[in-house]
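Hello,

Here is the structure I promised to pass on. Please have a look at it first, and then read my notes below.

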Amino acid sequence: MRASLGELPLESNAMSQSPLSEEQRRFFNTQGYLVIPGALSTEELAALRLEADVAEARWRADLSLPGVRRPDLEQVLGIMEHGPALFDLLEHPRIFPLVRALLGPDVMMLDHDYFITPPGATIPQGWHFDFDLPRVDHPRSRLMVKIFYVLDDIPPDGGATLVLPASHLTPGGTTLPNSEVPEDLPGAVPMALPAGSAYLINDRTYHSAGNNRSGVHRRLLIYTYGHKWMRMWDEYRPSPELAARAATPQRRQLLGLTDPYGPPVAWEET
Amino acid sequence: MNVLSDEQRRFFDANGYLMILGALSAAELATVRTAAEEAEARWRADPALPGTRIPEFEEIPAIMEYHPALFDLVEHPAVFPLIRELLGTGIGLVDHAYYITPPGGLIDGTAWHTDVRTRVPGVHHAGSTMMIRAMFALTDIAAAGGATLVLPGTHRQPDDTPIPAVATPEEMPGAVALTCEAGSAYFFNGNLLHAPSNNRGTVTRRVLLYNYGHKWMRMWRDHEPSPGLAAAARTPMRRQLLGLTPPYKGPDAKLSLGLQETIFL
């Protein structure tokens with residue numbers, strides 16, 4: 001099945017007070033994911049591709065730079081450190097407001113990466129929840145929203161992220177079926193999308209990378225948001241240089257540089 | 001093996017709090033009192049040290065920074081294992097302080113609150129346990145002596161349940177004053193409605209606060225451990241409590257390895 005549910009153009013919300021349409025909110029609430037076709041303009045996509053290419057080249061040339069270097073996955077860790085457009089993507093004017101609407105004004109960044117899945121990558125039993133935290137009423141809480149920005153077209157056999165709709169409503173501690181071939185899980189929906197698309201999942205959406213049987217790399221920028229009272233992974237704490245470039249209170253909150261339990265910053269209505 | 005008795009667990013689940021009478025031995029209480037006195041003297045002598053200095057309430061935040069005995073109290077064997085069982089093995093510490101409430105307070109009814117409802121958004125608190133706050137009494141606390149007030153069972157109310165308006169904290173219908181003798185401890189779910197009461201007695205109320213959460217939660221503002229305190233965390237549990245281990249993955253520290261000092265063994 002191709003990802004089609006929840007594909008609602010942003011323009012449909014132009015007259016709405018909330019950046020999310022009611023339909024989008026309902027879809028995310030019930031299915032645990034949302035697809036945004038055409039999230040990035042042609043110019044934005046070109047600028048991000050350029051910076052991502054430079055980041056990748058630098059990361060390949062310098063093995064001391066953090067990340068994952070495996071045959072089935074390459075991860076340039078902390079991608080916002082690599083360029084201004086990649087930093088600004090944190091607050092993309094059309095997409096970030098959706099995240100803020102879902103998480104609330106105390107939103108903060110948790111991690112950010114460039115994922116490259118080479119042709120031939122196989123992901124046996126890759127299905128997982130990002131969070132399964134004890135003592136949290138997961139089905140009725142929302143701790144995290146993750147955005148995936150698609151930099152190159154992802155064909156149906158190109159390692160697309162697979163999501164299991166409504167799986168985010170399962171209680172903590174639940175074990176769901178896994179499968180040796182991720183695509184074989186009944187009900188799985190692949191995020192096989194054109195470049196410039198984005199899709200969102202929450203912390204409890206059961207998901208997996210797919211096997212990349214195509215001839216092209218899957219290239220995704222991933223920005224994960226949580227609440228400012230949550231700890232950021234240590235390796236994503238902003239460098240002094242990045243922190244210095246956080247010129248607004250909003251950006252400072254997103255980088256975890258404000259009071260964790262104090263009032264959140266004010267955000268401009270969109 | 002469970003640390004909490006069935007009765008303790010039932011009581012905590014239903015009411016949201018638990019009293020541990022005589023948590024500290026006489027010797028332990030003396031040790032902790034001496035440490036707290038030293039901390040207070042240093043804090044009073046240096047107004048640059050952070051804290052709250054108002055007539056009805058004084059707070060010395062980050063109290064573990066002041067004395068090793070106050071650091072070790074974070075893992076007291078009569079209290080910590082119970083809280084760890086309630087929060088889970090991924091327990092962390094959120095904040096810690098020394099509260100001093102002199103007689104003659106002027107606290108009004110708006111003091112009723114939960115610790116998490118507004119400060120920890122995104123969580124369905126009625127079904128979750130995000131924080132448990134432990135208080136060690138260094139002085140006897142009578143009902144009129146500024147005892148903590150709690151409203152039993154409110155930790156499972158829907159998050160949008162309004163807080164009843166009262167003129168003074170003591171007027172809240174159903175409120176229970178957590179009175180106890182020095183050396184006792186009590187702890188409560190961070191979502192439980194609670195308030196300080198007015199100290200209309202003659203004795204200054206003194207309690208040490210240790211507020212626990214999960215290791216994936218950030219510490220309170222200005223509670224990130226100093227290099228000295230971090231260096232003093234010599235066990236996996238102590239490092240986990242101070243937020244010095246990976247937040248979302250990695251093994252949780254074991255309870256048996258937790259106690260690094262000997263004063264509470």
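**What I found**

Among the contacts in chain B between residues at least 6 apart in sequence, 83% join residues at least 24 apart; two residues are in contact if their C-beta atoms, placed from the backbone, lie within 7 Å. Before going further, please note that this is a predicted model, where local features need pLDDT of at least 70, side-chain atom pairs count only at pLDDT 80 or more, and totals for chains, interfaces and linings use all residues. Residues are numbered from 1 along each chain as its sequence is written, while chains are lettered from A and ligands numbered from 1 in the order in which they are written.

Chain B first. It has six helices and ten strands; helices (H or I, at least four residues) and strands (E, at least two) are DSSP runs, numbered from the N terminus. The radius of gyration of chain B, taken over C-alpha atoms, is 18 Å, close to the 18 Å that the globule rule gives for 265 residues, so chain B is as compact as a globular protein of that length. That rule is 2.2 Å times the number of residues to the power 0.38. The C-alpha trace of chain B spans about 45 × 45 × 35 Å along its principal axes.

In chain B, strands β2 (residues 52-54) and β3 (residues 57-61) pair in the antiparallel sense over three bridges; strands pair if DSSP finds at least two bridges between them. A hairpin of two residues joins β2(B) to β3(B), and Ile54(B) stands opposite Phe57(B). β3(B) also pairs with β4 (residues 91-101) of chain B, antiparallel over four bridges, where Glu58(B) has Ile100(B) as its bridge partner.

Now to chain A. An open sheet of seven strands there has the order β1-β8-β5-β10-β4-β3-β2, with antiparallel pairing. β1 (33-36) and β2 (67-70) of chain A stand at the edges with a single partner strand each, so one side of each is left without a neighbour in the sheet. Within chain A, β4(A) and β10(A) run antiparallel and are joined by ten bridges, and Tyr114(A) has Leu221(A) in β10(A) as its bridge partner.

Which helix would I look at? My pick is α4 (residues 96-103) of chain A: eight of its eight residues are buried, so α4(A) is largely enclosed by the rest of the structure. What covers its buried residues includes α1 (22-31), β4 (107-117), β5 (145-150), β8 (198-202) and β10 (218-227) of chain A. Phe96(A) lies in this helix, and counts as buried because it has 22 C-beta neighbours inside 10 Å. The C-alpha atoms of Phe96(A) and Tyr225(A) are separated by 9.6 Å, although the two are 129 residues apart along the chain. Just after α4(A), Gly104(A) takes a positive phi of about 105°.

Finally, the two chains together. Their contact takes 22 residues from chain A and 21 residues from chain B.

Best wishes

Technical notes. A residue is buried if 20 or more other C-beta atoms lie within 10 Å of its own, exposed if 12 or fewer, and partly exposed in between; C-beta atoms are placed from the backbone.
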